Every structure is written in structure tokens, then in C-alpha cells.
Amino acid sequence: MRFWPITREALRLILIRRWFLALLVAAWLPFLVQVIRIYIVTRFPEANRVLPVDGRLFGELLAWQAFFTMFITIFGGAGLVANDLRTGAILVYLSRPLTRRDYVVGKLGVLLALNLSATLAPGLALYAVALALAPDLFWKWDLAWIGPAVVVQSLAISLVMGLVALAVSSLSRSARVAGLGFFGLLIGLEVARGILYALYRRPETALLSLQADLRSLGVTLFGLTDRSVSIPWAYAAAMLTAVGLGCLLILRSRVRAVEIVQ
Amino acid sequence: MVEAPLVEFKDLVVSYGPVQALAGVSGAFLPGPTGLLGPNGAGKTTLLKTLLGFLDPDQGAIAAFGLDPTKQALDVRRRIGYMPEVDCHLPGMTAAAFVAFAGELSGLPRDEAISRSHEVLYYVGLGEARYRTVDTYSTGMKQRVKLAQALVHDPDLLLLDEPTNGLDPAGRDEMLALVRDISERRQMSLILCSHLLRDVEQVCENVIVFNQGRVAASGRIAELTGPRRAVYDVRVKGDPAAFLTDLKDHGCEWREGEDGYRVLMSDGFGPELIFRTAREAGVQVRFLRPGAETLEDVFLRALGHEGEA
């Protein structure tokens with residue numbers, strides 16, 4: 001647990017910003033919308049035809065949450081390594097009895113905590129609400145996969161966003177540049193995927209975009225319908241794993257370089 | 001009684017790719033304050049980074065407290081307080097929180113780290129300002145915070161990398177007084193890495209001079225600067241070229257001072273040689289004052305010999 005003080009202090013510094021807290025609260029709006037949806041269906045069962053209440057509800061929620069995690073990651077994570085490089089604080093960490101792994105895990109812990117609070121927490125809370133409000137719809141053995149699926153998708157979103165943000169952050173000494181870089185990377189790849197899909201109508205283009213890969217996992221986990229990203233889940237998982245490993249390599253190289261260069 | 005060294009390095013070779021930063025250096029840091037001198041690129045910082053376990057030597061060995069930093073880096077770092085040359089702080093954090101955080105990273109329990117943080121900040125003279133964010137501090141205050149974060153876990157060895165960087169003369173004197181106090185009253189061993197000879201002279205008992213990745217000189221400052229050779233500050237009127245050449249021919253060394261020349265006499269010669277050489281070279285000696293060989297002389301002599309070698 002040597003990484004814990006790093007995570008705790010960084011979280012404290014981020015959460016003292018009120019506008020960031022407002023962003024975290026705003027990230028729960030889709031949860032409220034889905035709660036209202038469940039409530040409406042329980043009061044007016046015929047609404048189930050227009051607003052189906054089943055596993056897809058959670059997939060839709062997490063698709064929205066992935067959108068929020070992008071902003072949470074930009075504002076909470078862009079400066080995590082970049083600021084340490086700019087202010088020289090990296091040496092405060094590395095000259096202590098800490099390994100580079102402790103440092104990366106400590107920083108990643110910040111983004112995991114923030115992003116899971118916007119994915120896993122509302123996902124599980126919605127499941128609890130669904131069980132409470134509509135037990136006849138959700139207390140079924142064949143819907144027991146929803147909980148684990150929420151956990152897997154939330155972890156995938158949070159981990160990928162966190163690793164990519166940290167890697168981008170380590171490539172700059174400016175939080176602003178790192179934030180723009182992260183945003184540009186995500187949006188740029190998604191735009192490129194959209195153009196290629198429009199041209200060729202092939203779902204494999206999803207491999208190009210991180211968000212599409214995550215959506216592809218969601219399609220498999222929650223039974224969503226999205227033909228543009230309907231590739232085998234293993235492909236998307238392999239791509240996301242490769243991206244994650246690439247980010248770890250960048251972090252390893254950048255943190256080591258700072259030790260030597262400075 | 002000979003004290004056991006805190007840090008020993010033998011035939012140490014460290015390279016950055018094709019560039020050899022340390023070319024087979026050997027030496028030791030004894031308990032007490034030791035200066036690490038040398039021009040930029042001499043290998044001082046490389047030695048510190050190897051000591052902290054950041055760099056693996058290509059050849060040779062280094063040991064701190066009997067531990068091998070390449071294999072037991074965390075154990076070594078636990079016993080070292082490092083004050084880096086560059087600015088280091090966490091944006092938005094108060095000095096009290098920052099120093100406590102540094103203590104926690106060094107392994108102190110949170111409560112103890114907080115209590116030590118206040119204590120150390122008072123010690124370095126930032127007691128009143130400890131609840132201000134470090135971003136708002138002056139250069140001198142930032143230097144003191146860096147010192148505080150290095151001291152917070154009460155290390156066995158303090159590594160100070162250019163602690164007076166960016167300070168005005170008064171601030172420099174205050175920082176050096178603080179460093180001296182740490183060494184004398186707190187009995188903490190320290191390595192003062194500096195390019196400023198005066199800083200090292202004021203604080204340290206021992207010195208290691210680095211040049212081009214090698215140890216150019218090392219030992220007790222008092223012995224290195226002892227009255228082994230006569231030194232004179234000389235000012236002459238007339239063209240000094242022939243005068244200086246003749247002095248060199250007699251085995252003397254000289255360098256330009258602020259207002260004239262500092263002449264290190266060759267063994268067995270006194271001021272009469274200066275007067276005789278001046279007469280023969282056709283210049284007037286307008287000023288002559290005996291001086292003691294300073295660390296700067298030793299430093300320059302060591303670098304000169306290295307250069308000749």
C-alpha cells in the first residue's frame with residue numbers, strides 16, 4: 001500500500017475544486033434518468049414496450065457514463081504526471097522508498113477512483129434501485145449477470161481511460177496540453193472511425209477507436225444493438241489490452257527518462 | 001580512530017548510452033559534511049543518482065550504509081534525504097501538507113509525518129508561513145521547503161544538490177547557516193553538491209572534486225588547502241606577459257584574480273622570486289600580499305592537472 005498516500009493526496013487536491021465536484025454530481029444525471037424510466041415502467045407496465053427495462057438499460061447507462069468519464073479524466077487526470085514533471089515533484093516521489101510501479105499505481109488509483117465513482121457506483125446503484133422498484137422484472141436468475149457485467153464494463157472503461165490519460169500526461173509538462181492531447185486522441189480516433197465506417201460500412205473499423213471498442217464490449221455484455229461496432233468481443237478486448245500495455249510502456253519509459261535526464 | 005564511510009564507491013563506471021559520465025571513480029563519503037565539487041557535466045549528479053539507485057553502474061560497485069543501491073534501492077532511499085537542485089512542489093499544496101506528504105512517502109505513519117512536518121518547518125524558518133501554498137513562496141522559501149521535505153524523516157544522510165541556487169547573498173548565508181546547523185547541532189551527515197566553492201568551504205570538512213567523470217582531488221579541506229605552498233596576491237604595472245611566463249618557467253602557477261594575479265609559488269621559493277622576475281621582465285610590483293591557498297586554488301589546480309593528464 002505504499003501507493004496509497006499518492007492516491008489519497010491527489011484525490012484531495014482534485015476534490016477541493018467545487019466545479020469538479022459539480023462534474024461528478026452531473027455524471028449521475030443518466031442514473032436519475034434511468035431510475036425515472038424504471039419507475040415509470042413499474043407504474044405504467046405498458047410503457048415497457050416503448051422503454052424496455054432489462055439488461056440493455058445498464059448498457060445504455062454505462063455508454064453515457066463513458067462519455068462523462070472522458071471529461072472526468074481530462075480534468076482530473078491530465079495533470080497527474082504532467083504537473084509532477086513541470087514542478088519537479090516527480091523527484092520527491094522517486095527519491096523516496098517507492099518504486100516506479102508504486103508511483104504509476106498511485107496515480108492510476110486516482111483515475112480509477114474518480115471514474116469508478118461515475119461508472120461502477122451508478123451502475124450498481126441502478127441495479128439496486130431496479131431490484132427494489134421492480135423486483136418482478138429483475139429478481140430473476142437469468143438476469144443475475146447484470147451485476148458482474150456492470151463491474152466488468154466499468155472496470156474496462158475506467159482502466160482504459162486512466163491508462164491512456166496517464167500516458168498522455170507523461171508525454172507533456174503541461175496539464176493543458178496533456179488534456180487537449182487526450183481529448184484530441186479520443187475524438188480524433190472516433191471521427192476517423194466514423195468516416196471509415198461511413199465509407200466502408202464495416203464494423204471492424206471499431207478497432208480504431210477506444211470508445212468504439214468499449215461500446216463493442218458493452219454490446220456483448222448487455223445485449224445492445226449497434227451494428228457499427230458489432231465485432232467479436234475478443235477483438236475489442238485484445239485491442240484495449242494492447243492499448244493498455246502500450247500506455248504502461250510509455251509510462252515506464254517516461255518515468256525512467258525523467259530520472260536520468262533531470 | 002578511522003570512521004567507517006557512509007558511502008563507498010570503487011571503480012564506478014556509469015554511462016548514458018555512449019557517453020561515459022563516471023569513468024571508473026573510487027572514493028568514500030565519511031560521516032560529517034562532505035562537499036562534492038566540480039563543473040557542469042563532471043559527474044556529480046550522476047554519482048548522486050547512482051547512490052539513490054536511479055542508475056545502474058556499468059562496472060564497479062557502490063555501497064551506502066553497507067547496502068547496494070542497485071539491489072536495495074528502497075532501503076537506501078529510506079535512510080537518505082534528498083534535496084534536488086530543481087524546484088519541486090505539488091501545485092495547490094500547503095507547505096505543511098507537502099512536507100507531511102513527503103514524510104509519509106518515506107514511510108512515516110500519517111500522524112507522525114504531520115507532527116514532524118510542523119517541527120521541521122519551524123526549524124527551517126517557515127513556521128509562520130506553513131499554511132500557505134508553496135506556489136506562492138519566494139525562491140528562498142521554496143529552497144527551505146525543499147530542505148524541510150528532505151529532513152522530515154530524519155535521514156542518516158542528507159544529499160543537498162545546489163541548495164543555494166537562486167538565492168541572494170543574505171538568503172545564501174541563511175541557508176548555509178542552516179545547513180551548518182544541521183551538520184553541527186543535529187550531527188547529521190550530508191553531501192553538499194555545489195559548483196560554489198565558498199558554500200563548500202563554509203560548511204564542509206571533506207571534499208571530493210570531480211572533473212570529466214573522474215575524481216580530481218579528495219580529502220580534508222584543511223589538508224588540501226594547508227600551508228603547503230606559499231601564495232601571493234600580486235598586482236604589477238607594465239606588460240605582465242613576460243613576467244607571468246617567467247614565473248611559470250620557475251614552476252609557479254598563477255591565475256587572474258579580481259585585481260591582479262594570484263601566484264602559487266613553487267616549493268622553496270618566496271616573494272624574492274616575484275621581485276626578481278618582475279625586475280627581469282621590466283614590470284613594477286605595485287602590490288604584494290601573502291595569502292592562503294583556498295579551496296578554489298585546490299579546485300582549479302585539480303582541474304588543471306586533470307586537463308593536462
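Helices (H or I, at least four residues) and strands (E, at least two) are DSSP runs numbered from the N terminus. The model is predicted: local features need pLDDT of at least 70 and side-chain atom pairs count only at pLDDT 80 or more, while totals for chains, interfaces and linings use all residues. Residues are numbered from 1 along each chain as its sequence is written, and chains are lettered from A and ligands numbered from 1 in the order in which they are written.

Within α6(B), colour Arg172(B), Met175(B), Leu176(B), Val179(B), Ile182(B) and Ser183(B), which are buried (20 or more other C-beta atoms within 10 Å of the residue's own; exposed means 12 or fewer, partly exposed in between, with C-beta atoms placed from the backbone). Viewed down the helix axis, the buried residues of α6(B) fall within an arc of 115°, so they line one face of the helix; the arc is that of the directions from the axis to the C-beta atoms. The face turned away from this buried side carries the exposed residues Ala170(B), Ala177(B), Asp181(B) and Glu184(B).

Next, display what the buried residues of α6(B) pack against: β3 (33-37), α5 (139-151), β6 (157-161), β7 (189-194) and α7 (197-203) of chain B. Contact here requires C-beta atoms, placed from the backbone, within 7 Å.

Now turn to the sheet. Its 6 strands form an open sheet of mixed pairing in the order β5-β6-β7-β3-β8-β9 (chain B), where two strands pair if DSSP finds at least two bridges between them. The edge strands, each pairing on one side only, are β5 (80-83) and β9 (214-220) of chain B. Select β6(B) and β7(B), which pair in the parallel sense over 5 bridges; Leu158(B) stands opposite Leu190(B) in β7(B).

Finish at β8(B), where 6 of 6 residues are buried. Asn206(B), Ile208(B) and Phe210(B) point one way from β8(B), and Val207(B), Val209(B) and Asn211(B) the other way. On one pairing, β3(B) and β8(B) are parallel over 4 bridges, with Gly35(B) opposite Val207(B). On another, β8(B) and β9(B) run antiparallel, joined by 6 bridges, and Ser218(B) is the bridge partner of Ile208(B). Between β8(B) and β9(B), a hairpin, lie 2 residues; Gln212(B) in the turn has a positive phi of about 50°.

Technical notes. Contact = placed C-beta atoms within 7 Å.
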